[in-house]
Amino acid sequence: MGSTGEQLSEVWKEEPAAYFGIATNNYPNYFMTLGPNCPIGNGPVLISIESEVEYIVQLLSKFQKENIR
């Protein structure tokens, strides 16, 4: 459940959406790779996954260093 108490399956029922395929609104602790709106067209998928994981690690590092909850 998200911060609003809604199930993600219900929120995405009509149209799944995520920020660059990594995060979605109202689910602050949920990160994914190759999610909806992932900026991958043609090319190696591994490069996209590596970039997404690097971004997630940077976010988590920021949360830890700045004591963000």
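Is Phe-20 buried, partly exposed or exposed? I looked this up first. Phe-20 has 46% relative accessibility, so it counts as partly exposed. The cut-offs I used: buried is under 20% relative accessible area, exposed is over 50%, and partly exposed lies in between (1.4 Å probe, protein chains only).

**Ground rules.** I am working on a predicted model, where local features need pLDDT of at least 70, side-chain atom pairs count only at pLDDT 80 or more, and totals for chains, interfaces and linings use all residues. Residues are numbered from 1 along each chain as its sequence is written, and side-chain values use heavy atoms, with hydrogens and water left out.

**Aromatic pair.** I searched for ring pairs (Phe, Tyr and the six-membered ring of Trp, centres within 6.5 Å; planes under 30 degrees apart are stacked, over 60 edge-to-face, the rest tilted). The structure holds one. Tyr-19 and Phe-20 have ring centres 4.6 Å apart and planes at 65°, so I logged the pair as edge-to-face. Tyr-19 is partly exposed at 48%.

**Core.** Five residues form it: Leu-8, Trp-12, Ala-18, Tyr-27 and Met-32. I listed the contacts of Tyr-27 (heavy atoms within 4.5 Å). Beyond four places in sequence, Tyr-27 touches Met-1, Gly-2, Glu-6, Gln-7, Leu-8 and Val-11.

**Positive phi.** Most residues other than glycine have a negative phi. I noted Asn-26, with a positive phi of about 70°. Asn-26 sits in the loop between helix H1 (8-11) and H2. Helices here are DSSP runs (H or I, at least four residues), numbered from the N terminus. Asn-26 is partly exposed, at 31%. I also noted Leu-34, whose phi is positive at about 60°. Leu-34 lies in the loop between H1 and H2, and is partly exposed at 38%.

**Ser-48.** Where is Ser-48 found? I placed Ser-48 in helix H2 (residues 45-65). Ser-48 is buried, because its relative accessibility is 12%. Leaving aside neighbours within four places in sequence, Ser-48 contacts Leu-34, Cys-38 and Ile-40.

**Salt bridge.** I searched the whole structure and found one salt bridge (a side-chain nitrogen of Lys or Arg within 4 Å of a carboxyl oxygen of Asp or Glu). Lys-62 and Glu-66 make it, at 3.0 Å from N to O. Lys-62 is partly exposed at 40%. Glu-66 is partly exposed at 49%.

Note on methods:
Helices (H or I, at least four residues) and strands (E, at least two) are DSSP runs, numbered from the N terminus. A nonpolar core is a set of buried Ala, Val, Leu, Ile, Met, Phe, Trp, Tyr and Cys residues joined through side-chain atoms within 4.5 Å.
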